[in-house]
Every structure is written in structure tokens, then in C-alpha cells.
Amino acid sequence: LPLEPGYPQPTIHTGAAHDPYESYTAKWTRADARQIKAMSDPNVPTGANSMPSALTMPAIPVSFPTIGGTVWVWDTWPLTDADGNQYSYNGWDVIFCLTAQQNAGYGFDDRHVHARIGFFYRRTGIPESRRPVAGGWIYGGNVFPDGASAQVYTGQPYTQQAEWSGSTRLMQLGGNQLTTFYTDLAFNRDASGGNISAPQATITKTDGQIHADFHHVWFTGFTTHTALLQPDGVYYQTRLQNEFFSFRDPFTFHDPAHPGQTFMVFEGNSAGVRGETPCDASDLGYRANDPYAETVDAVNTSGAIYQRANIGLAVATKPDLSAWKFLPPLVSGNCVNDQTERPEMHIVGNRYYLLTISHRTTFAAGIDGPDGAYGFMGYGIRSDYVPLNRNSGLMLGNPTDLNTAAGADYAPDPSQNPNAFQSYSHYYMPGSLVESFIDTVQTRRGGTLAPTVQVFLRGAGSSINLGYGAGGLGGYGDISPNRINIDFWDL
Ligand code: FRU
């Protein structure tokens, strides 16, 4: 790797596989993550994109169409199996989205405590060019019966209860049994939004059935919600160790190298009391005598110790997936970033791509990178993961000027690129396609599905296909199945 002046060498990672049950956690180090800024052009005009175009999602026009209906949508996932295949059900495409009611007395930025898993459907097999401009999705309502997800917190004090991201699995080819894994949240907040007590987050499972006729799609079941996991404080930070902890976004998968087992990756934080758990030399990852290395003391006193993201791993201990056991985290980003969200395991031959999403504003002091998708490549579920693209970890960022202030999606900085918050919550699909939702373009808020893009993964690198769609932007909300499932009993 060429060494940019002023930047350290990245940590050496081999990608070598370890046993999934082994106590080994790969590090996304500061030496790695500083390669993001090393790829940024310091001389672009203020507010332009300073990052390489191969790692940047093209700008979404401010005139973007919206999915319509009465809800905002953000994190979205299709109906899949544990190998990442996406299914049409009896002639319908189906997607699951975090949703919040519009015109219900709160704004887009307060949606999180009101989140419900909703669903949309559309006819399978219509070419994108003949669909309505926003994809032609029909809003079907909430997936779970009212109050069902609240049963996990029966008898406990809370002021709001919400359903956060996860995944929905078709459990039976030729049938209609589904299992949803999601994050069940309970908040206990005062009128100004402060915590009376820290939120609770429980990775939860619920089973149901999908149905369709010639007119619509609907669900039954999802009445019993089984709590699976809460942080243990050993591998995964608890609400008592840090009231701002992250513990969410279960994604279950099968590994051809471990037949008969079901694994789950999820967003966590490294255990330890907030602000009292220092980083060590392995979190920094500098090579000996690197002139651009930092000292452990300097990093720990910079404020970077507040950022302790990890990507967790668990394994099912019962065949009906109703009991799970924590394994050590797969990757940590201690003193690097605080959030590695919606992790996804994407296996291609002998390569394991561990993909995630993160924010510019959750990077630790001294580290910078755009909002977008990040990723790692190894040769097993648990590996000495190589961060994608020159060991930086960046896979696909929003157009961002890393030379100017970040601002916020609700308060864009006038000198920042107007598309720096254009989309988030990227999800990698078959065909190298990536869907996400629109957050903010210029000052227009989204809450709708973004254009699908195509990102090729090659070795420990990635590149957006700018020949896909219009200048790299495909159809809005183009989330299409690669498999067809028919349940003849339900027809
Ligand atoms: C990502 C995310 C997820 C979480 C949800 C909450 O956009 O932060 O980690 O499940 O949004 O709204």
C-alpha cells in the first residue's frame, strides 16, 4: 500500500479464519480507520465530495419521489432465507421496514421511539422501467398485532416501546412459516427526552405466517414474542455500563462450513463502564516505529474511549431458534467508532464479507469518515478480518467533504456537501445490489427508499458500478427477489 504523507501504515490483517467458538476478536484499529482520511482529497472546493468516486454513492437528486402512504420508512429488509436469498411469495415482492406514522404529533427525528415494523408489497416480475417511479410499493400496515411486542416488557416501567431492526426469514420452502428476529426496545424518559432509566434492548424472536391472494398480502401469528438476548456485560456492554449502549439489529445466517447451525450477527458495544474502560495498543494497531503512530495515553485522554463499537456473534442452542448463546464479538472498533449497525454476513465462496453501516458523527476523536456502508473480509465467520479498501473499512459513503464540519441530518452545515446525509442503512442483496433509505438531501427530509445501487466486492476491495441505472443510481426502492416461493395451500 502506498503511504500517504502524514498518515500511518494500516495494521497487518491476514483474513485468516479462526474457530467461531474461539476467543478471538478482530480489531478495526485506529491505524486502519485513519486510512479513510488518507483517501480524502484535502484540496476539493468546499462542499464537494472529497472521497474517491469508486467508494461514493452518487448524489440523489433533491426531487426524489416518495414511497407514499402515511408512514415514514427507514431501515428496510426483504423476505429472505438464512443464505441471503430473497423470495417472492405467491407472486408478490415483500419488504419489511421500520415505520412511524406521519402527522401524529412528532417529527421525523423523533421517529425512533415510535418505530413499528411495517410491510409493503408489490407484484413480482414487473420490469423496473414499468413500475411507478418510487417502486410501486403498497403499504400493508404493521406486521405484528397491536401490543404484541410490548409483552416482552410486561410489568416493567416504560414510557415508550418500539420495534427496531432485524430480519425476517422464510422457514419453509413451499410453505408460509416466517420467523422475525428484531430488537424490542423500551424507553423510560422524562418530558424533555432524558433517561429516567436507561433504555432496554432485547433481541427477540416471533413466528408468524404470510398469506397472499390476488389483491393483497397479509400476516397471521406473530403473537408470541420470545426474548432471546440482552447484553451480558462480559462481551457486550449493558445499559447499566452505558446508558447510550447499542445492542440491536439481529441478522441470522447459515455457514456452509458449519452445517446444521444457525448464527446471528448483531450490533453491540464492547463491555465495560463508559468512560472508564481504556483502549490498549491492539486497539490502536500501529506498526513498530511508525512516525505517525499515536500513544495509548494520548488516545485515551482524547475522548476516544467513549467509542466502543463491536459486531457481536451468537449461536442458536435449540433447533427452533428459541434459545441462543453469546460468542465473543467478531470485530471491535474500540476508540474508533461507536456504532457498527445492521451487520450482515455475506458469504461468497471462501470469502466472508461482514458488512455494516456507520455514521461520521460516531467516529472517535481523531478519526473521520463519511456516513455509509463499511465492511470487512475474512476466510471464515471469525477471522482476522481485513477492513475493505486499503484496510480503511469504507465500502460506500455518501458524497462528503471530510475537510469541512459534519453538521447533522436535521441541521446541515452550509459548507458541507448537501448529500452528506442523503442515505443510510444500506443492505447488501443478491446481484451485488444495495438498498438504503433517504434521510436528508439538501434540507429536504426523506423517510423513503433510496435508489438501489450496485457495489462489486472483489477480494478485500469494493467498487460502485457507475454504469448501473442512471449514472450509478438504479430504481428507487428496487428490492427484487432472486427466488420464487409458492405455497399451493395458500393459493
Ligand atoms: C439504523 C438504526 C438501527 C436501529 C434503528 C433505530 O438506522 O440505528 O441500528 O435498529 O435505526 O431506528
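**Exercise 1. Find which residues line the largest cavity and lie nearest its centre.**

*Step 1.* Start with the residues themselves: the largest cavity has a lining of 15 residues, and Gly166, Phe251, Arg342, Pro343 and Tyr427 lie nearest its centre. A cavity here is a set of points, on a 1 Å grid over the protein atoms alone, where a 1.4 Å probe fits but cannot get out; lining residues have an atom within 4 Å of a point.

*Step 2.* Now the elements: β3, β8, β12 and β16 each give two or more residues to this lining. Strands are DSSP runs (E, at least two residues), numbered from the N terminus. β8 gives the most, with 5 residues.

*Step 3.* Sort the lining by class: 6 residues are nonpolar, 5 polar and 4 charged. Ala, Val, Leu, Ile, Met, Phe, Trp, Tyr, Cys and Pro count as nonpolar, Asp, Glu, Lys and Arg as charged, and the others, Gly among them, as polar.

*Step 4.* A volume is the space filled by probe spheres set on the grid points, which are joined across faces, edges and corners.

A word on the model, before you go on: it is predicted, so local features need pLDDT of at least 70 and side-chain atom pairs count only at pLDDT 80 or more, while totals for chains, interfaces and linings use all residues. Residues are numbered from 1 along each chain as its sequence is written, and side-chain values use heavy atoms, with hydrogens and water left out. The chain averages a pLDDT (the predictor's confidence in each residue, from 0 to 100) of 97, and 99% of the residues score at least 70.

**Exercise 2. Describe the second largest cavity and its lining.**

*Step 1.* Its volume is about 60 Å³.

*Step 2.* Among its lining residues are Arg342, Glu344, Ile357, Met395, Tyr427 and Val434. Two or more lining residues come from each of β16, β17 (351–358) and β22.

*Step 3.* By class, 7 of the lining residues are nonpolar, 2 polar and 2 charged.

**Exercise 3. Locate the largest pocket and the residues closest to its centre.**

*Step 1.* Unlike a cavity, a pocket is an open set of points, with protein on both sides within 12 Å along at least five of seven lines. The largest pocket holds about 1,500 Å³ of space.

*Step 2.* It is lined by 50 residues, and the closest to its centre are His112, Trp164, Arg248, Gln339 and His359.

*Step 3.* The lining divides into 19 nonpolar, 15 polar and 16 charged residues.

**Exercise 4. Work out the strand order of the open sheet of 5 strands, and why β2 and β12 each have a side without a neighbour.**

*Step 1.* The order is β2-β15-β14-β13-β12, with mixed pairing. Two strands pair if DSSP finds at least two bridges between them.

*Step 2.* β2 (26–27) and β12 (248–253) are at the edges with a single partner strand each, so one side of each has no neighbour in the sheet.

*Step 3.* Look inside the sheet: β14 (residues 308–316) and β15 (residues 324–334) pair in the antiparallel sense over 8 bridges. Asn310 has Ser332 in β15 as its bridge partner.

**Exercise 5. Trace the hairpin of β23 and β24.**

*Step 1.* β23 (residues 433–441) and β24 (residues 444–449) run antiparallel, joined by 4 bridges.

*Step 2.* Val441 stands opposite Arg444 in β24.

*Step 3.* There are 2 residues between the strands, and Gln442 in the turn has a positive phi of about 55°.
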